[in-house]
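Visitor: I'd like to learn how to read this one feature by feature. Can we take a look together?

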Amino acid sequence: MTGRATGPGRLLVAVYGVFALAATARAVFQIATKFEEAPIAYLLSAVAAVVYIVATVSLARPGIRAYRLSVVAVTTELVGVLVVGLLSIVDAQAFPHETVWSGFGRGYGFVPLFLPVLGLLWLRRTRPDRAVR
């Protein structure tokens, strides 16, 4: 087990895992049953699912490559939740159906807004070169 996936990192990986499962199930259901109603929103749900899957796996894996992938995934998540969150409020017509990131994650208790911030703080604290400095 890596330094990123021990202690509080285990909880972080677990929460990302739950969001990966939830976002994947939501996206698959939305795309399979009502894609034509809101294709942009449902594709964004699928993108969120992929981001959560990549974040979960990379946070749990050891090594510098997994660390870098974690930083990219969690940063992508933060940008996604900020952009989609803002757009879903400013132009609600463009998002007639909710995504994981709509309203800054309002439908998920705003966890999608805070999770990447906590993730980036954890990644900063556990970065591989930190012990060398």
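Guide: Start with burial: a residue is buried under 20% relative accessible area, exposed over 50% and partly exposed in between, with a 1.4 Å probe and protein chains only. Helices are DSSP runs of H or I with at least four residues, numbered from the N terminus. Bear in mind that this is a predicted model, where local features need pLDDT of at least 70 and side-chain atom pairs pLDDT 80 or more, while totals for chains, interfaces and linings use all residues. Residues are numbered from 1 along each chain as its sequence is written, and side-chain values use heavy atoms, leaving out hydrogens and water.

Visitor: Got it. Which residues of α3 are buried?

Guide: Ala66, Tyr67, Ser70, Ala73, Val74, Glu77, Leu78, Gly80, Val81, Val84, Gly85 and Ser88. The cover over those buried residues includes α1, α2 and α4.

Visitor: Let me zoom in on one. What is serine 70 in contact with?

Guide: Contact means heavy atoms within 4.5 Å. Setting aside neighbours within four places in sequence, serine 70 has contacts with Arg4, Ser58, Leu59 and Leu123. This serine sits in helix α3, and its relative accessible area is 0%, so serine 70 is buried.

Visitor: How do I check the span of a helix, and what does α3 give?

Guide: The expected span is 1.5 Å times one less than the number of residues. For the 27 residues of α3 that should be 39 Å, and the end C-alpha atoms are 39 Å apart, which agrees. α1 also has 27 residues; from first C-alpha to last it reaches 38 Å, close to the expected 39 Å.

Visitor: While we're on α1, which of its residues are buried, and what do they pack against?

Guide: The buried set is Gly9, Leu12, Val13, Tyr16, Gly17, Phe19, Ala20, Ala23, Ala27 and Gln30. They pack against α2, α3 and α4.

Visitor: How do α1 and α4 cross?

Guide: Axes are lines fitted to C-alpha atoms, for helices over the stretch in contact, and angles run from 0 to 180 degrees between N-to-C directions. Here the two axes come within 11 Å, crossing at roughly 145°. On the α1 side, Pro8, Gly9, Leu12, Val15, Tyr16 and Phe19 meet Val111, Pro112, Leu115, Pro116, Gly119 and Trp122 of α4.

Visitor: Now the rings. How many aromatic pairs does a search of the whole structure find?

Guide: Rings of Phe, Tyr and Trp (its six-membered ring) pair if their centres lie within 6.5 Å; planes under 30 degrees apart are stacked, over 60 edge-to-face, and the rest tilted. The search turns up four pairs. In one of them, phenylalanine 19 and tyrosine 52 have ring centres 5.5 Å apart and planes at 45°, so that pair is tilted. The two are 33 residues apart, with phenylalanine 19 in helix α1 (residues 8-34) and tyrosine 52 in helix α2 (residues 39-60). Both phenylalanine 19 and tyrosine 52 are buried.

Visitor: What kind of pair do tyrosine 52 and tryptophan 101 form?

Guide: Edge-to-face, at 6.4 Å centre to centre and 65° between the planes. Tryptophan 101 is in the loop between α3 (64-90) and α4 (111-125) and tyrosine 52 is in α2, so this pair ties together parts 49 residues apart in sequence. Tyrosine 52 has 0% relative accessibility, and tryptophan 101 is buried at 3%. Ring pairs join Tyr16, Phe19, Tyr52, Trp101 and Tyr108 into a cluster.

Visitor: And charges: how many salt bridges does the structure hold?

Guide: Side chains of opposite charge can pair when their charged atoms come close. The cut-off is a side-chain nitrogen of Lys or Arg within 4 Å of a carboxyl oxygen of Asp or Glu. There is one salt bridge: arginine 106 with glutamate 98, their closest N and O atoms 3.0 Å apart. Arginine 106 is partly exposed at 42%, and glutamate 98 is partly exposed at 32%.

Visitor: What's worth checking in the backbone of phenylalanine 104 and phenylalanine 110?

Guide: Phi. For phenylalanine 104 phi is near 60°, positive in a residue other than glycine. Phenylalanine 110 likewise has a positive phi, near 65°.

Visitor: Last one: is proline 96 buried or exposed?

Guide: Exposed, with a relative accessible area of 52%. Not counting residues up to four places away in sequence, proline 96 touches Glu37 and Ala38. Its C-alpha is 10.0 Å from that of proline 39, 57 residues away along the chain.
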